[in-house]
Structures are given as C-alpha cells and as structure tokens.
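I opened this structure with a notebook beside me. These are my entries, in the order I looked things up.

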Amino acid sequence: MQQLEKRYIKAKQRLFDKIYEAKLNRQQCEAVFTVKGPLLVLAGAGSGKTTVLVNRIAYLIKYGNAYYSDVISEELSEETVSALEEAVNLSEEEINQILPSFICDTCMPYNILAITFTNKAANEIKERIEKTFSDDNLSVSSVNAGTFHSICMRILRKFYDRLGYAPSMSIYDTDDKKRLISVCMKELGIDEKNLPARSVCNEISIAKDKLIGCDEYSKPTDPREERIRSIYKLYEKKLREYNAVDFDDIIMKTVKLLSENEDVLKYYQNKFKYILVDEYQDTNYAQFELVNMLAGGTKNIMVVGDDDQSIYAFRGATVENILGFDKTYPDAKVIKLEQNYRSTENILNAANALIHNNTDRHEKTLWSDKGEGEKINLKEVDDQFCEGKYIIEKISHGVRVDGRKYSDFAVLYRVNEMSRSLETAFAKSGIPYKILGSMRFYDRKEIKDIVSYLTLLVSPTDNLRLKRIINEPKRKIGASTVEAIEQLAEENGTSMYEIISRADKYTILAKSKDKLCDFCNMMESIKASATLPSELLNAIFIKTGYYDMLKAEGFEGEGKISNIKEFISAAIEYEKRCEISGSEITLVGFLEEISLVSDVDKYDGEADSVVLMTIHSAKGLEFPVVFLAGMEDGIFPSVQNLFDPAAMSEERRLAYVAITRAKEKLYITHSKQRTMYGKTERNPLSVFIKEIPDNLFSHESERKIPPRQKSDYQTRPVRQVREKVSDEFTRSPEISTANRGRRGAADYGITKFSVGQRVLHSSFGEGVVLSAKDLGGDVLYEVKFNTGVTKKLMATFAKLKPVRG
DNA sequence: GGGCGTACACTTTTT
DNA sequence: GTGTACGCCC
C-alpha cells in the first residue's frame, strides 16, 4: 500500500514536471485537465493542439489508472492541488471551481479513444505518449489512436458477421469504386455518356456521408436520381457479394452496426470512456453521428478543431459540427487557444488579414510572441520553369549561406498538376526532394495488379479484382470467356473464382477449361507456398508470370519491377513492425494498411530532403521555410470556385492553412504564364495576395497592387520582375552555368545532341537521335529507341542524357 | 484472343 | 500533355 502510494506520487510529480516542461499556457492546461464532460477546444493554427492532446491522454492514464486507483479518492489530494497551482498557475479558488471536471473515473489506456485525421498524427500521439511513460512500467500502447477509417475497420472486422460479411473483407479505393460503378451501369444499360460514372460515384459518396442507404435514396420522381438509385442498389449488392467495402462504407456501416446492435454499442461505449477527436471541423455527418453514439454513455468527449481550417467541404465535411457543438452538448465547456507558437508575426498577420475576409467564421485572432521575423517574399516569374528555378535558387542559397537543411523547406501548391513542372526543376538541380501524393504508390497499375492477386487469396469472392488479373499477364483468357464465367456465377449464385475452380463441369467453358484450371492451380499453389505477406508477394510476382512479363517489356518494365520490389520491402517492414509491437502478422492486416495509409503518413521529416505536396496534404505539418507556388487567380483560387462565395471561403481557408504552415519564412510565387493540362494561360495575381497588407512583404517583392476591380494583369508593369529573375539564371537556360545545388546542379541548361548521337531517356531507354530541330530556346528531337519506337521529344521535357561509347 | 492505332476525356483538393 | 477506352484488323 505504502509502496503504491509512493509510486503514485512519484508518477504524478513526473507528470507535472512534464507539463511544466511542455510550458503549457493556462488555456492549454485547462484543456488538459478538464476531462469530464463534453469539451470543445477551438485551437488556432500552431496553438499547440497536439501537445494538449498528448498531455491530456497522459493525465487520463495517470489519474484514472487502476494501477494507482487504490489511492485515488473522490477528490484530488492537497498535494495534487498544490502541484496544479504550481504547474498551471491557477489560484486555489480557481482550482476548486473547476476541480470536479478534473477528476476522472477509472481509466486504462485502452479506455481512451483518440481519433485523428491522418495516421501520421495518430502515430505521433502514440509515440509521444509512450515517451512520457517510458519510465513507468505501464503498457500505454493500448491507447486507441487512429483515423476514423482505421478505427472503424477494427470495429467492422470484429463484428463482421453482424453485417453479413466475411472477416477478410477488402477495401475499395476510388478507382475500384469507379470500375465497379461502370460495371453496374453497363449491366443496367445506362450510358456513361449521359451519366458519367464519376458523378455517380460522387453522388453515392455524398449519400453515404449523410448515412443515406440505397433504399432511402431520393424520391422516385426525378429520372436522373432514379437511375442513380438503381445503380446504387446494384453497386451495394455487388459490394456485398464481393466481400468489399468502399471508403464511405467504412463509416456508414459502423454507424449502422452500432445503431442496430444495442450490445455492440454498449460494448464500445463502455470501452471508450474518454474520447478525443482531432480536426473536428473536417468531420462529416456520418462521422458526427459515429462520435455521438460512441460518446453517448459517459459524454466524456473532447473535440479539437479550427473552423478557419475547414478545407474538406468537398468531401462532405460540415463546419456546423464544430460550430454547433454546444447545441449537441448544451453543457459543453469551450476553451480557445489563440497563442500561436509556430510562426513569426509577419506570417501570422498575413494569415489573419486574409482570413478576416471570410464572413462565415468565429471571430478569433491568433497572436505570437516570436517577434516580427522576416517579411514575406513575393515573386513574379515568367513561366512555371522559372518558378521552379527560382525556388531552387532560394533553397540552395538557404542551404549554402544560411546553413539550413533541405528538410527545412516545403513547396506547397493547390493542385497536384503543379508538381510536374516543379519536379523537372528539382530533378535537374540535384537537390534531394520528395513529392507526396501526386501518384500514390499504391495507385500504380503494377502494384494494384499484385494487390489484386493478394486480395483474391484471402477474399476469393472479389470478382472485381479477379477480373482485373485473370488475364494479366496474358493467359489467353479473353473477354468472352470471362463473360461466360460471370454469367455462370450469377446463375449459380456463387463467385467467379468458384466457377473457375470447377471449369470442367461446364460445357460452355470446354474450350478454355485447361487455361482456367491452370490459373486455379497456380493460385492454390501460391496460397500453399507461404504464409508471410512478403513471401506471398514474392510467390505472386514470380509464379503468375508477372515478373517475366515486365522483364520482357524492357526499360519501362524495369521501373515497374523496382516498384514491386519496393512493395515487397514494404511488406517486410510491416512484418517487422508487427513483431516489435507484438501484433499478429496477417495478410488482411497488411492489405488494410496499404489501403488506408497515405503518402503523408509515410513522409519522414527526418530525411534531409525538400518536400513538395498539395496544401491539403500539408495540413497539420509545419516547416521553417515554405514556398507557396502558383498563387494565381484560376489556379488558387481554382477557376471552378471563383464565382461561388461559399467555395471561395473554403479556398481562402486553404490559403490560410498554407500560410500558417510557415514558421520563419514564406515565399510566394506567381507566374505570368503557365502551361497546364497542355494549355498555356495567363493568370493574374491571386486575389488572396491582394488581401494581405503591403507592409508585410519585403522590398524584394514586386507587388504592384492593381485596383481590385481592374484585375487586368497585362497593364501591370512587369519589367523589373522579369529582369530580376532572368538576370540571375533563367532567361536563357541553355547557357546557364552557375552552380546551384551541390550535386550536379550545374545541369540547368539543355544539353545539345547531334544527329546520330546515342542518348538515354528515363522511361524509353537508350536510343539514337534521328533529327534535331531548333525551336527558339528548345530543341525538338526525333529519337529512335532500342525498343523500336521512334518518338518526338522536346529537349526541356525529355531530360535526355548522353550515352558514352 | 491479342495487338495496335486513334479518339477522347480529363485534370481540385483525399481517407 | 497524358492516360485510358474502344474499335479495327490480324
């Protein structure tokens, strides 16, 4: 007993030390300690939200843990009060006032549910908690931290039978979903010309986000909606048959499970005694319902968010969830965190000025004591290539002169498409860089094919995935055979795989039964050959003939092979991680991970490279130096949204998010002209920049603010800008020799090749130059590659390298 | 059944 | 500009 008490006191002291160390301000402390009842924390950008979440969880564990509970009485001890006084700087009176909400019931780590927006954020919380408790013999790894999707998947898999699913259910991404919708539409005889599958996908997503099932969907008066309804119905039927769920289902089916099964709901309400939801402004209706159901028991729910950072309305998120939290929970306590610990004043003032132009928001103003800091740098460049070169110039200057690391820099943009031109510049510069999100690793065709094989091993009823790979690599199983199999499966009420395994029983399949049999035997032998995901992957890669197929493709196949090898290493890493954490290695687990993990989750801030990503991906991250590229009307804000006030508000919030990612220095670039999607356009400076006061920009900036209503960029003087950029290094790329990066950065220009010379292309491989045509600044080459194909390539794009010998 | 060519769509943001 | 879809021909 005495021993326990000693440990308790020691642990408590250490906790307060930690909090003291974390230098929490008063509002943050209140947010940490107010654990009982509903709590809304309005946390501005960079206001130490994660710190609050971590310390709150730590507090819950320390004070609610049964391990110490023998010595926890109804009230906090005198000692606790004095420790609080010291750490939080509250008066005794204040403490007594709020004391009741500080005391929590028994709480084991697994009683805590923390829902975050990304896996990265969840992992960060887990890691920081584990660090806090590293000295205590307390298993804190059982804290439930994850994204909505990962947490719901865990629930669905546990109670799969209640939903009529098999436990190995697969998760369909946007691409799978679209394919399946197309299949449904074809089956129903609905022409995609009049009703694109894409918009059907969207409509169904919107419905699911609102928890509208196919039976409740729309009144049958509108013919368009009626058609969507029938597609939705068939789509649902197929999903179930294929043992698959789409992203929206993950939430909707969980809500359905909880609302239809009292015992399951009670189980989770009892389990999750304390719930914390991060980025609450980005939750949609289904998620709102889910959280409310789970919190329905104890109502110990804390939500954290910032209405100014709501940027997912397009995905069904409603700010009303956060703005109306006090309506859902009338006794909710509200705490505002307004001190920003991230950015300097100039950056913060710019963000504040910008966001004040939104009328539909809760008034709040972030402040910082970090001092004015450097001014914002605004630069106009000639085109997107100059933009890349300008950014590279600034980065390499920062590294060489200011002693910064490459990882101090981030380049943010509105659309993924922007990464193309930027990548060209970075690739030439030799600066280490990483692009997140443009083409997700798991979206690559070869990876999706291999994943389909893998899925089929655990979920053989998945006809969609089966159809994807039945003839990839080619096995002479053509469309008509596949159709016949599909027909038979339909008639017999079974899966296509089942039909294939009994192919010899059906006369229609007589012609192809040998090939089908081979396919089936191959799958079975793969299944029997290994258990570990990495081994299975390897077996699939070799035994299906996929490797041979890629090998035969030549140069292009090489890249795909290395992608698949990378995929296999990812599986090995997954296995290692499981071993460390003691969790079971399963194929289903691995498949789930690759479906729910995003590029940003894997982004490693430790690696020393510049990172390029969309602003959406950058949410929640921070960088010493941020480049905001493509600040032009039509790009950011996006053309689609220019005339829609609500959408413009969201765009502005997105700009706000972008600016507040920067800690010390913000560069903004815009280009006189820009070629995107094959079209060249001239866009004026973004309206958002015009909303930022002049004095926040450095003298180096070339901002000539035209009158707001007269946004004609052509009348603006641009000469100085031009000279500034081009004098340095961009005017004539081919003669630039300045050494900018460290590794081969001199390679800015276009190397000239002569007819007959051998060259190397990154995707086509080796070839020989047939002709070279000068096109004023660029050169058009005609190259015959070893593969036999002849291509016309622009020198600037092709990045050709000379081949010696 | 497969391969090749051409037409055409598609480009906001993502778990 | 690029990737996919479909149709035509072998």
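This is a predicted model: local features need pLDDT of at least 70, side-chain atom pairs count only at pLDDT 80 or more; totals for chains, interfaces and linings use all residues.

**Two salt bridges inside**

I started with K619 and E279, and both are buried (under 20% relative accessible area; exposed is over 50% and partly exposed is in between, with a 1.4 Å probe and protein chains only). Their side chains meet in a salt bridge, 3.4 Å from N to O (a side-chain nitrogen of Lys or Arg within 4 Å of a carboxyl oxygen of Asp or Glu). The two sit in distant parts of the chain, 340 residues apart: K619 is in the loop between α31 (615–618) and β13 (623–628), and E279 is in the loop between β6 (274–277) and α15 (285–295). (Helices are DSSP runs of H or I with at least four residues, strands are runs of E with at least two, and both are numbered from the N terminus.)

Residues are numbered from 1 along each chain as its sequence is written, chains are lettered from A and ligands numbered from 1 in the order in which they are written, and side-chain values use heavy atoms, leaving out hydrogens and water.

Next I looked up K208 and D249, whose side chains meet in a salt bridge of 2.8 Å, N to O. This pair also links distant parts of the chain, with K208 in helix α11 and D249 in helix α13 (residues 247–260), 41 residues apart. Buried or exposed, I asked about K208? K208 has a relative accessible area of 0%, so it is buried. D249 counts as buried because its relative accessibility is 0%.

**A salt bridge with partly exposed ends**

K551 and E558 form a salt bridge too, with the closest N and O atoms 3.9 Å apart. K551 has a relative accessible area of 45%, so I put it down as partly exposed. E558 is at 41%, so it is partly exposed as well.

How many salt bridges does a search of the whole structure find? I got 51.

**Helices α10 and α11**

I went back to α11 (residues 197–209) and checked it against α10 (residues 174–188): their axes come within 9 Å and cross at roughly 110°. (Axes are lines fitted to C-alpha atoms, for helices over the stretch in contact, and angles run from 0 to 180 degrees between N-to-C directions.) That makes the two helices roughly perpendicular (65 to 115 degrees). On the α10 side the contact uses K177, K178, I181, S182 and M185, and on the α11 side A197, R198, V200, C201, I204 and S205 (contact means heavy atoms within 4.5 Å). I sorted these residues into six nonpolar, two polar and three charged. (Ala, Val, Leu, Ile, Met, Phe, Trp, Tyr, Cys and Pro are nonpolar; Asp, Glu, Lys and Arg are charged; the others, Gly among them, are polar.)

**T669**

T669 lies in strand β14 (residues 662–671). It counts as buried because its relative accessibility is 1%. Its side chain has a polar contact of 2.8 Å with the side chain of E387. (That is a pair of N or O atoms within 3.5 Å; within protein, one must be able to donate a hydrogen and the other to accept it, and residues adjacent in sequence count only if both atoms are side-chain atoms.) Not counting residues up to four places away in sequence, T669 touches residues including K379, Y390 and L628.

**I526**

My last stop was I526 in helix α25 (residues 513–529). I526 is at 0% relative accessibility, so it counts as buried. Leaving aside neighbours within four places in sequence, its contacts include L457, L536 and T544.

Definitions and conventions: Angles under 35 degrees count as roughly parallel, over 145 as roughly antiparallel, 65 to 115 as roughly perpendicular and the rest as oblique.
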